[in-house]
Structure formats: C-alpha cells, structure tokens
Amino acid sequence: MLYVSTRGQCEPVGFSAAVAAGLAPDGGLYLPAELPDLRLYFTRWAEMAYADLAYEFLRLFATDVPAAELRTIVDRAYVRFAHPDVAPLVELRDGLWVLELFHGPTLAFKDFALQLLGGLYAAQIQRTGTAINVLGATSGDTGSAAIHGLLGLDNVRIFILYPRGGVAPLQERQMACTGANNVFPIAVAGTFDDAQRLVKDLFGDQAFRTKQRLSAVNSINLARILAQCIYYLHAWRRLPSAARQNVEFIVPTGNFGNVMAGWLAHRMGMPAKRFCVATNQNDILYRLFTTGRYETGTVSPSLAPSMDIQVASNFERFLYYMEHRDPARVRTIMEALRREGRWNFAGFNPDAFRATRADDEDIREIIDDVYTCFQYVLDPHTACGFADIDPNNPTVVLGTAHPAKFPDTIKEVLGFEPIAPALESIKARPVVRYDLPADAATVRAFIEEHGV
C-alpha cells in the first residue's frame with residue numbers, strides 16, 4: 001500500500017518509509033492513498049484477542065513488512081499491558097461505557113501507539129543497520145510513552161521537548177527518572193505549542209533531518225494514528241449489537257490525533273453515529289466545530305495539561321478529506337494558518353462530529369459527580385468527556401489516562417489519592433532533564449552534540 005502527503009508535493013511512499021520519516025518531505029502528513037473496506041473483515045475479527053485484531057488490521061497497511069516480523073512486533077507491543085483485555089470496556093450504566101486506555105506501562109492511551117512504534121523502529125534499525133535520533137514534543141503523556149517504547153534500545157537516542165512547568169509532576173518524572181542513557185528530556189521555556197513548533201522546524205530543515213537521521217514519535221507519524229484505530233474497532237465489537245450502529249464515541253483531545261483515528265476507522269466502514277471532540281478550556285477545536293472558525297489563541301494552563309494546546313497538528317489530516325483530497329487547497333489553508341493563525345471555513349458542518357468544552361471548575365464537578373453516581377474515579381482529561389452526554393444515546397467515553405497520574409486534583413476533589421504501583425517507584429528518583437530556551441538553533445546544537 002502507498003502513502004501520500006496531505007500537501008501533495010512529494011512522491012508516494014511505502015509504509016516503512018512513511019513511518020521512518022514521520023513528516024513528509026513537503027511538510028505534509030502521510031495518509032493511505034486508498035482506504036480498505038473493513039466491513040469485509042468484521043465477521044472474522046469478531047472474537048479475536050486484541051493482539052490478533054491488531055495484527056490483522058495492521059497487515060492491511062504494512063504490506064511491505066514481512067508477515068512474521070509484523071506478528072512479532074505486534075505481539076511484543078502489548079505484553080506490558082496490565083489488563084488481560086488490553087483495553088477493557090467498562091459499563092457505568094445501561095448505554096454508557098468507558099474504554100479504559102490506561103493499562104499500558106505509562107498509564108496513558110499513548111502507550112497503544114508508542115509501544116508498537118518502538119518495535120517498528122527497532123526492526124527498522126536491525127534491518128538497515130542505521131542508527132536514528134527520535135524527536136518529539138509532548139504536553140505530558142506522549143513523551144513518557146515514547147520514551148518507554150524506546151527505552152534502552154541500541155542505536156537510538158530519544159529527544160523529547162516539553163513545556164517547563166507545563167506538565168504534571170508525575171508525567172515529568174516518567175520522562176526524567178528512567179536512568180536510561182539514551183533518553184534526553186528537554187524542558188523548554190514556553191508552551192507545548194512552542195515545543196511542537198520547534199519539532200516541526202527541525203523536521204523542516206532537510207539537511208539537518210537527513211544528517212541526524214531524525215524520526216518522529218508525535219501523532220504526525222502515521223503509525224500512531226493507525227495503531228489508535230485498533231482500539232475503536234476493539235471497543236465497537238464489544239458493544240451490544242443494538243448499540244453499534246448509533247454509538248457516539250466521546251474523545252478527550254487536544255491535538256486531534258485520537259479522534260482522527262476513530263473517524264478514520266469510521267471512514268473505513270466502522271459504524272458510528274458520531275464523534276464528540278471533548279476539549280478543556282483551551283478550546284480551539286470546540287470553537288472550530290461550533291463556529292467554523294479555526295483561530296489560535298493563548299494557552300491557559302489547566303487541570304488537564306495534556307490538552308493545553310492551541311495548534312492541533314492532526315487537523316491537517318481531517319482537512320485533507322474535508323477538502324476532497326485536494327492537496328493544493330490544503331497547502332493554501334495551512335499556509336494561511338501558519339501566517340495568520342486563523343481560517344474561516346464557510347458552511348463548516350462536518351458529518352459525524354460535535355464538540356464540547358470543560359473548564360477547570362467543570363472538571364472538578366464532573367469528577368465528583370461521576371464518583372458519587374458510579375464510584376468510578378476519572379482523571380481530569382477523561383472528565384472532559386463527561387461534559388455533555390446524551391442519556392438517550394449509546395455512548396463510549398475514551399478513558400485516556402489513569403487518575404493516579406494526577407493525585408493533587410483527585411485529592412482536592414475526592415479527598416484521597418488514587419494509587420498505581422507503576423508510579424510509586426519513580427517518586428523518589430532524581431529528575432534528570434535539560435533546560436533549554438524555545439530556540440531551534442539551540443535545540444539543533446543539543447541534538448548534534450548528544451545524538452547517535
């Protein structure tokens with residue numbers, strides 16, 4: 001299968017090349033040239049274990065990866081998940097479920113993609129003999145999940161940029177307390193959007209990118225989106241048959257990657273009524289879906305820091321389909337967004353979407369209400385997904401992180417701290433991080449000095 005850039009100014013490539021590059025040479029994001037019809041496989045996939053489903057799904061896309069190699073990568077990707085169902089679907093009441101995506105090694109949904117991506121990179125290095133430097137930006141969970149997907153691998157250095165003081169303390173410890181000598185957590189003076197801009201600038205420097213053999217772990221990497229499609233399919237087949245045609249998936253999201261994966265599965269044939277984009281007070285996507293205006297603003301630090309984002313990178317993939325796969329139109333809009341930070345979409349009313357928002361006070365109230373009603377503890381990000389639930393419609397809320405990652409908020413609201421054994425061991429370890437300005441030249445020099 002071939003993959004094309006959303007901006008259409010470079011040749012299509014195979015799966016391995018798309019994954020290795022992350023960002024296309026023209027600055028666009030890779031997407032499959034054609035999408036398979038998953039309805040052909042639903043009967044055969046109905047009772048498969050999670051890893052088997054993942055393998056069968058990914059083999060439709062990774063057609064240039066030997067079947068035995070792909071099988072090994074997939075099997076290894078899920079062995080560190082603590083729950084036997086990998087992504088359990090928990091019913092809170094009739095017609096309302098939480099899809100728990102926090103049973104991986106870093107207790108966040110990013111583990112699903114990044115454990116897999118780590119295996120793909122390891123196989124690539126073994127196959128080519130070429131070392132790589134992995135670069136990414138995080139607002140919290142991506143960084144730790146990426147690090148734990150690549151921890152200790154030979155011929156890999158991983159550089160993760162994150163906003164200094166802008167992630168939860170335990171999120172930072174998951175990145176900065178590993179003790180691994182191939183990990184470089186970089187705390188930049190600025191916001192997540194500053195960190196993400198630096199990553200895009202460095203990937204846009206073709207000479208530097210080639211010389212340093214850069215690879216991407218952010219959701220600009222197609223493998224991450226495809227890996228996240230799988231848990232939607234897993235959840236959908238676990239639903240009662242009467243709920244499958246009309247289910248609404250509510251997705252806490254800041255960078256649009258998580259909800260893009262679900263919508264892409266829907267575009268490939270998975271029935272669903274709609275997808276709800278659940279935002280926090282940094283509500284650029286809520287404003288987009290309610291007004292048709294995409295306009296960046298100032299980041300307001302919140303109780304859900306992984307969603308403190310004003311530039312949703314994966315929106316470009318959705319834009320490509322919304323603009324009828326016209327790369328010239330995508331280039332025009334993306335250039336305007338880069339130049340002016342805003343775009344008005346006339347008649348913007350995409351099928352199968354709605355959006356909600358929750359500010360910090362809403363998050364506190366939701367955590368309290370859900371615990372009172374169901375004795376279920378939400379993390380602050382998942383709480384955003386409960387802001388506006390239709391009681392008459394079957395609903396799956398994506399549980400994006402374990403509440404133990406945010407003990408201060410949970411204790412403030414509920415009076416106790418949730419515990420996760422995986423986090424206890426890092427609380428006493430020293431933090432090793434590198435403080436740098438939000439300056440591309442400085443970060444470039446750092447990677448040149450410490451890269452492999």
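A charge is said to sit over a ring if NZ of Lys or CZ of Arg is within 6 Å of the ring centre and within 35 degrees of the ring normal. Arginine 444 lies over the face of phenylalanine 208, at 5.6 Å from the ring centre. The model is predicted: local features need pLDDT of at least 70, side-chain atom pairs count only at pLDDT 80 or more, and totals for chains, interfaces and linings use all residues. Residues are numbered from 1 along each chain as its sequence is written, and side-chain values use heavy atoms, with hydrogens and water left out.

**The whole chain**

- The secondary structure comes to 20 helices and 15 strands; helices (H or I, at least four residues) and strands (E, at least two) are DSSP runs, numbered from the N terminus.
- Along its principal axes, the C-alpha trace spans about 55 × 50 × 45 Å.
- Of the 452 residues, 61% count as buried. Buried means under 20% relative accessible area, exposed over 50%, and partly exposed in between (1.4 Å probe, protein chains only).
- The accessible surface comes to about 16,700 Å², and 49% of this surface belongs to carbon and sulfur atoms. Such areas come from the Shrake-Rupley method with a 1.4 Å probe; for residues, only the protein chains shown count as cover.
- Among contacts between residues at least 6 apart in sequence, 74% join residues at least 24 apart; contact means heavy atoms within 4.5 Å.

**Aromatic rings**

- The structure holds 37 aromatic pairs. Rings of Phe, Tyr and Trp (its six-membered ring) pair if their centres lie within 6.5 Å; planes under 30 degrees apart count as stacked, over 60 as edge-to-face and the rest as tilted.
- One of the pairs is stacked: phenylalanine 159 and phenylalanine 184 are 5.0 Å apart centre to centre, with 15 degrees between the planes. Phenylalanine 159 is in strand β6 (residues 156-163) and phenylalanine 184 in strand β7 (residues 183-189), 25 residues apart. Both of these phenylalanines are buried.
- Tyrosine 232 and phenylalanine 249 form an edge-to-face pair, at 5.2 Å centre to centre and 70 degrees between the planes. Tyrosine 232 lies in helix α10 (residues 222-238) and phenylalanine 249 in strand β9 (residues 248-252), so the pair ties together parts that are 17 residues apart in sequence. Both tyrosine 232 and phenylalanine 249 are buried.
- The charged end of arginine 244 sits over the ring of tryptophan 236, 5.3 Å from its centre.

**Cysteines**

- A disulfide is a covalent bond between the sulfur atoms of two cysteines. The search counts a pair of cysteine sulfur atoms within 2.5 Å, and over the whole structure finds 0 disulfides.
- Cysteine 229 is buried, at 0% relative accessibility. The closest cysteine sulfur to that of cysteine 229 is in cysteine 276, 19 Å away and too far for a bond.
- Cysteine 373 is exposed, with a relative accessible area of 54%. The sulfur of cysteine 373 has its closest cysteine sulfur in cysteine 384, at 18 Å, too far for a bond.

**Helix α14**

- Helix α14 (residues 315-322) is mostly covered, with 7 of its 8 residues buried. Among them are Phe315, Phe318, Tyr320 and Tyr321.

- Tryptophan 97 lies in strand β4 (residues 96-100) and is buried, with a relative accessible area of 7%. Its C-alpha atom is separated by 6.3 Å from that of threonine 395, 298 residues apart along the chain. Not counting residues up to four places away in sequence, tryptophan 97 touches residues including Leu89, Leu239, Pro394 and Thr395.
- Arginine 354 lies in strand β13 (residues 353-357) and is buried, with a relative accessible area of 17%. Leaving aside neighbours within four places in sequence, arginine 354 has contacts including Glu248, Asp388 and Asp390.
- Valine 79 has its place in the loop between α4 (67-77) and β3 (89-93). Valine 79 counts as exposed, at 61% relative accessibility. The C-alpha atoms of valine 79 and proline 105 are separated by 9.6 Å, and the two residues are 26 residues apart along the chain.
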